[in-house]
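Here is a short walk through one structure. Please look at the sequence and the 3D view before reading on.

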Amino acid sequence: MSTILNGATYPPTLTEEETANLTVALRDWSLSLGLVIRAPAAAHPEDEASVHVPLTLHPSPFPKKLFDQARNLQTAFNELYAKVADDSKFLTEITKELAGVDDFMSDLWKLHLEVEEITQGVPTQALSLGLFRSDYLLHTTSTAEPSIRQVELNTISASFGGLSSRAADCHRFLQKSALYGSGPGSELLKDETMPVNPSARGLAKGLGVAHNAYGASEAIVLFVVQPGERNAFDQRWLEYYLLEDFGVVSVRASLEEVAEFGEMDPASKEFRYKDRHVAVVYYRAGYTPADYTTPATWEARKTMELSKAIKCPTLATHFAGAKKVQQVLVDELILAKFVPDNEVRGKLKSTFADILPLDDSELGKKARKLIETCPEKYVLKPQREGGGNNVYRDKIPGFLKDLKDETLWRGYILMELIEPPLDVRNLIIRAGKVNDGHVISELGIFGCVLWDSTTHEIKQNFEAGWLLRTKFADSEEGGVAAGFGSIDSVLLI
Ligand code: ADP
Ligand code: MG
């Protein structure tokens with residue numbers, strides 16, 4: 001396995017006292033400057049309690065060349081997923097595969113078709129907004145140089161852009177305060193190798209340009225959120241920058257609240273929440289079936305979709321983020337339909353891992369063979385978001401056998417495991433406690449795209465900063481709120 005550190009000592013060795021000082025400084029900076037998350041509800045039922053977000057003590061190394069590569073790809077991924085979202089016929093074919101095996105995705109698509117029928121194929125609002133995040137792991141083999149492989153592309157509720165900027169600022173503060181010491185490895189920590197991360201302002205800009213394009217200065221951005229959201233402060237940073245940089249006010253509401261207090265004006269098709277005109281609906285909820293607690297919450301999503309408000313994302317864009325879509329796009333011929341330019345397509349494809357369907361096709365048969373012969377090389381994924389849903393390695397065969405019948409297999413995709421370097425160490429500070437070990441970091445690149453879904457014209461398209469999440473190497477998932485991972489920042493090497 002090739003290394004990315006080339007033998008350098010990292011992170012720098014610290015004395016117990018230095019580690020303790022660094023930890024206190026990190027915690028206090030986080031609590032002072034909003035690098036926080038609500039305390040777990042069980043321990044602190046009162047909403048006021050918040051704790052610093054789980055954070056690495058040092059920034060984790062990431063090769064600069066691969067970091068730049070990922071950033072440079074983002075506008076092409078934005079465009080690809082905008083095109084996929086606009087291709088109703090293509091997505092309808094995909095939903096047929098999921099019919100009867102994944103009720104949630106099927107229901108989303110049914111709702112999309114219902115809206116399409118009501119509007120007779122001419123959406124009330126032609127503009128669509130995407131705030132995406134494309135996630136990558138480093139892939140290493142014994143022979144080749146490390147490369148990046150895409151884990152998934154999120155088209156709804158891509159989180160941590162707010163806190164991610166703070167994490168870079170926090171690590172930069174610790175470095176400037178000379179708290180990383182002067183031992184071997186500390187020389188890697190410099191202003192130039194620890195970039196400022198523009199993700200919070202970048203995502204706010206995405207919402208701001210959509211608001212401008214809507215063209216009603218007094219209108220608000222509606223943040224549709226989960227009740228009791230622990231990660232609310234991450235979202236708050238976008239609200240604050242939206243106000244600071246664009247003078248736009250945002251209001252937060254759950255789907256249930258939208259169901260109760262939201263309405264569409266039948267003549268103008270304007271969406272109003274508690275009598276306030278909504279220019280942009282930004283979903284930080286609605287990506288999991290658990291968010292739809294009543295039929296009225298589905299109805300609320302439908303009303304917003306039918307309205308003149310710009311949706312981030314539309315139902316079609318939400319659906320385009322399905323893992324099944326990611327699997328289908330691995331096929332060069334299908335990808336070529338959306339990305340005709342050979343060079344751009346080659347660049348996107350170079351980041352794809354192998355992903356197979358579990359249907360009756362030839363590829364599906366190949367997947368079944370692979371599950372029998374080498375499950376240890378694969379991860380099985382359902383059409384779900386939010387972490388904790390995947391099945392890994394040797395557990396795959398038993399998991400599939402336990403499903404009621406084989407037709408349900410079609411709801412899953414089989415993805416080759418990416419092999420990140422295993423020689424990187426870091427310390428993770430969670431609830432003030434220090435844990436040390438080998439870590440794996442996942443890089444997410446944020447992208448904003450505003451396009452006309454009727455003419456397919458792209459109005460705005462830009463990369464909007466990044467997220468580095470780091471987990472211990474022995475944990476399979478990287479969810480931060482779920483207790484598996486931590487926020488990090490990049491040390492470019
Ligand atoms: P979710 O929608 O739940 O975030 P992901 O596809 O991002 O689903 O998978 C969750 C986590 O599982 C990732 O953050 C990563 O840590 C791990 N993972 C997913 N796919 C792979 C893969 N192909 N190789 C290695 N790890 C993976
Ligand atoms: Mg993910």
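A nonpolar core is a set of buried Ala, Val, Leu, Ile, Met, Phe, Trp, Tyr and Cys residues joined through side-chain atoms within 4.5 Å. Buried means under 20% relative accessible area, with a 1.4 Å probe and protein chains only. The model is predicted: local features need pLDDT of at least 70, side-chain atom pairs count only at pLDDT 80 or more, and totals for chains, interfaces and linings use all residues. Residues are numbered from 1 along each chain as its sequence is written, and side-chain values use heavy atoms, without hydrogens and water.

The largest nonpolar core has 155 residues, of which Leu80 and Leu222 touch the most other members. Helix H2 (residues 64-86) gives the most to this core, with 11 residues; helices are DSSP runs of H or I with at least four residues, and strands are runs of E with at least two. Among the contacts of Leu222 beyond four places in sequence are Val251, Phe271 and Met304, where contact means heavy atoms within 4.5 Å.

Ser30 lies in helix H1 (residues 16-32). Ser30 counts as buried because its relative accessibility is 0%.

Now to the ligand. Around ligand 1 there are 20 residues, and Lys323, Lys381, Gly387, Tyr392 and Glu442 come nearest; a residue is near if one of its heavy atoms lies within 4 Å. Strand S6 (147-154), strand S14 (378-382) and strand S16 (412-416) each supply at least two residues of this shell. An oxygen atom of ligand 1 is 3.0 Å from an N or O atom in the side chain of Asn390.

Methods. Chains lettered and ligands numbered in written order. Buried < 20%, exposed > 50% of the residue type's maximum accessible area, 1.4 Å probe, protein only. Polar contact = N/O pair within 3.5 Å; in protein donor to acceptor, adjacent residues only side chain to side chain.
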